[in-house]
Amino acid sequence: MRSLASLFRTLIVRPLKRDRLRTALTVASMALGVAVVIAIDLAGDAAVGSFQSSLTTIVGKTDLEILANGGVDQQWIGRLAQLPVNARFAPGLERQAEIQGAGFVTVYAADFVAESNADISRSAKGPADWERAVVVSEALANRLHRPTTLRIQGHDFQVLDTAPAKTEFVALDIAAAQQLFGDYKKLDRIDVFLSPREDLNRAELAIRAALPPGYEVNRPGTRSDENQRMLRAFRWNLRVLSYISLVVGAFLIYNTISVSVVRRRPEIGILRALGTSRGGVFWLFLTEALLFGIAGSVLGIAVGRLMASGIVGLIAQTVNSLYTSSRPSEIALTGTSVVVAMAAGTLVAFLSAAGPARAAMRVAPTEAMGRGSRETAVRVGYLRNLIFAALLAAAGIAASRVRAIDGKPVLGYIAALLAIGAGALAAPALVLGVVRVLRPPLKTVFGAEGLLAARSLTASLGRTSVVVAALATAIAMMASVGIMVGSFRETVMVWLDTQLRADIYIRAAGPTGAGQYPPLPPQTPALVAAVKGVAAVDTFHGFEFRYQNERAILGAGNMEIVKRYGGLRFLSGDSSAILASLPNQGRAIVSEPFANKHNIRAGQQLSLNLGERQVHVTVAGIYYEYSSERGYVVLDRSTLLKYLPGQPATNIAVYLDPGVDSAAVQRQIQNATAGLPILVAPNQLLRQEGVRIFDRTFAITYALEGVAIIVAMLGAANALLALVLDRRRELGLLRYLGAAPLQIRRMILVEAGLLGLLANILGLILGLALSLLLIFVINKQSFGWTIQFHPPYGLLAAALSLVWLVTVLAGIYPARVASRLNPIEVIHEE
Amino acid sequence: MPSPRLELRSVSRTYQINDQKLHALQDVSLAAEAGTVTALLGRSGCGKSTLLNLAGAMDFPSSGDVLIEGRSTSSLNEADLTALRRKRIGFVFQFFQLLPTLTVLENVELPLLLSGAPNSAKTARDRLQWVGLDDRATSLPHQLSGGQMQRVAVARALVQSPDILIADEPTGNLDTGSGDQVLNLISRCATEFGAAVLMATHSAEAAAIAQVRVRMRDGRIENIDRRQN
């Protein structure tokens, strides 16, 4: 054991210390890979973590909650109290309200007056006058500098106390809230608190039996589970994207250990001749990889924690715009995340080094005596590899045709991995083929430097192929995500053109996050319709609802108007006929993501819980929709209002008479509705907002790709440095033969340029394949929408040129090292 | 009397290794003339390789002057030195030092390519023919025998028709037959190309082709033996 440790010091640690820069580059690559993984994980947790109802912190933990689409009728509190169940039923309401100086803030309402729910009353200073009193969360109180009064929706409230919570909210009594919002009938939910002697199952059964069929009885945590489920595809995709850098890092560890083995073959031979076992040699090199893995992981965790702070806001914004309201909570670096990151980094290092370590193990003792063994390039059977590449590609195609498993495109990701594997295996053949074609022109243009660069890359084919594969993987990811996002953007643009046909849109003032449908003042539609120049007013009623344990959006509009102005495109069927079939019929249309998520086809029946009733509707058609992954079920207003007569309107689409001045009509509408808390926006603004949200959503994707590219660049610099150090004798000899230092420098830069070009070619081919997988398999299975294939050619060309340029820049330092070698020293090292 | 192609005047070379000074060469004076072979003889470590590096303008004296075509190497800048090595000096090494990734022809052509000379491939092919290996032009070095590799190295050294040929133990790694072939070529370099050949060797056979034999010991010239062929 002691002898192995001493061998490790001499054969591994000493060279690592000697080549400090290369060691640092490898550790840095690994660290970045791990950092991205941990950053995405921590930031994702923080963005999702705040879903747990902040109200729990002040009213205590409920045992059951009663919910209904469109709201729970308040009268059920009294009715349920009659049940022979030992429980207390409390009303719950959650709204967004405008607070002076703070903007829109979540307002929770509960029955604070009730005697047994007196936690908050006890903590209050003095006797509580709950009609005009609120409790403010610590976070909000701090932001507002500990106010004593709050002005909510124009009414003053006294601040009784603060609740220890890191999210911002205000809590007030249910009676005060109902008065404030002018809604005395509907509650968001009824919370059920069981007495300790009551059996949960028995109570649940009794309550369920008493309630109408449209009502749901859930255990606590259901909402949180729903949120997690809703976000799983989003988080899964982010997580997978974050592993790209780690995959690129794996290639680089493989490369570093390979270089380490090739350079130390004579030493390994001597060790074997002196009696070191094959296993000993194997573990020696695996331990080297382990060192890289551990050092990279430790550094990566620290960097990742910092990165997480930078991206949590971005993820939270996306969650808010596309899924549901949330506020990012604190980033918590837990023991589990540290262990996972350490394990991921170390395991990747370990696995990627196993191959080269096995090669080291097989070095024969006679190699110690063999001169010229240093030139032994990693021999690559490129034809055999090409056959394996074809097999992997075929397996990838087969995997891409398998359906999602539990809503996750597991086989789609496996297909992507197989494609990357196929690309890596095809790299040697590509390097040989392309360099063979380019050698004559390179020699003509760059002379000796061109010839030497081309020859040197093919001579060390094994190593060149790994670097090309690593760079190509990063480029492919960039290209594929670029193509996917570009295609998606173009698809959304076309869709916005079709969807946004109205001239002016109106909504209630309030937060704009996903699932937020603040009600419009009831008089708004009539006021707008009366404005001169307005041809039609389509009133839309939207609200979040539950369908088969998933949340989606239920909407209802005037289908006659939608038909007249042609605002929807369907996957199949005649748009006009479908829309005409909706009014006064039990029919609905659903968005494509909803249909894909719930496996619904046109003609099928849907069972919807609307208020107290369970309503069956027939799906008349499936329409293209890209604003919500959760999906829409859309009814004609006549159908919705039949079951939920009091359901407030939330949005208005205004169509104008031909030729009228849109801006002037908008002003008239604003005048007519002056004083009402509504927002009036022209078509153009909505379009711009749509594009802004889209671009923000994918900002993080680009950031992740950027890191993968940086890792690959570090790898390119590392690999070029290794090539230089390995060819010291050759570079020294060139000086003897009359090469100027500038020529040596140019040769290395030509090599870097060639590496970049090869990586770009492979990366583009692989990227195209991956983009097809992303668009037609992974995205479709994760989010359910159809994206048209529209590669952003200009952007792609610019990005690839940039990557190529950066690869050449990565060659500057190795080129400098090469040109400064002392020829006498290196030529006499023999 | 014609001026020598290469002249060393009272040359010393000292290396600083940690706190110690190592005197690799001490007060060496020597001249090599066109068309002659000068053999440097002596044990390992006597200063032969140091002298060759100075003569090839790869290293510079601590004191004294190395004159090539009458110009001191110490006075030349990097560009002049590179030009000098390209045009006027050819090197042959004990371990051949061919680039394993280049074909035989490309190895020979390399100095011409580095200097941007025209018709490089034709000139290289001529030199290969001269060493009798034109049929191996497309082979890679590892496909040749040791003797063949050294002949390729000689062709490469001669491709620019240099004034000075520096050979460091050119037969040290060859069997007798191959060694004789290489020595014959080196000898012809002097007679046919008029090069001043400076050759370090341990071998008596190699020394036998030289007109001037310089025996060295501990960084100094012990004696110089000139003979008429």
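Good morning. Chain B has a mean pLDDT of 90, and 98% of its residues reach 70 or more; pLDDT is the predictor's confidence in each residue, from 0 to 100. This is a predicted model, in which local features need pLDDT of at least 70, side-chain atom pairs count only at pLDDT 80 or more, and totals for chains, interfaces and linings use all residues. Residues are numbered from 1 along each chain as its sequence is written, while chains are lettered from A and ligands numbered from 1 in the order in which they are written. For the complex, the predictor gives an ipTM of 0.89 and a pTM of 0.77.

I begin with the two chains. Chain A contains 28 helices and 18 strands, and chain B contains seven helices and 10 strands. Here helices (H or I, at least four residues) and strands (E, at least two) are DSSP runs, numbered from the N terminus. Along the principal axes, the C-alpha atoms of chain A fill a box of roughly 95 × 65 × 45 Å, and the C-alpha trace of chain B spans about 50 × 45 × 40 Å.

Of the 830 residues of chain A, 49% count as buried; of the 229 residues of chain B, 50% do. A residue is buried if 20 or more other C-beta atoms lie within 10 Å of its own, exposed if 12 or fewer, and partly exposed in between, with C-beta atoms placed from the backbone.

Why does the radius of gyration of chain B agree with a compact globule? With 229 residues, such a globule would have a value near 17 Å, and chain B has 17 Å. The radius is taken over C-alpha atoms, and the globule rule is 2.2 Å times the number of residues to the power 0.38.

Let us turn to the sheet in chain B. This open sheet of six strands has the order β6-β7-β8-β3-β9-β10 in chain B, with mixed pairing; two strands pair if DSSP finds at least two bridges between them. β6 (89-92) and β10 (220-226) of chain B stand at the edges with a single partner strand each, so one side of each is left without a neighbour in the sheet. On average, neighbouring strands of this sheet are turned by 15° against each other, direction ignored. Axes are lines fitted to C-alpha atoms, for helices over the stretch in contact, and angles run from 0 to 180 degrees between N-to-C directions.

Strand β9 (residues 212-217) of chain B runs antiparallel to β10(B), joined to that strand by six bridges. Within β10(B), B:R226 is the residue opposite B:V212. Helix α6 (residues 176-193) of chain B packs on the sheet, touching β3 (37-41), β7 and β8 (196-201) of chain B, and its direction makes about 155° with that of β8(B). Helix α5 (residues 146-158) of chain B lies across β6 and β7 (164-168) of chain B, at about 170° to β6(B).

Finally, how many residues does each chain bring to the contact? Chain A gives 19 residues and chain B gives 21 residues, where two residues are in contact if their C-beta atoms, placed from the backbone, lie within 7 Å. On the side of chain A that touches chain B, α15 (448-459), α24 (728-736), α25 (741-783) and α28 (823-827) of chain A each supply at least two residues. The largest share of that side, five residues, comes from α15(A). Thank you.
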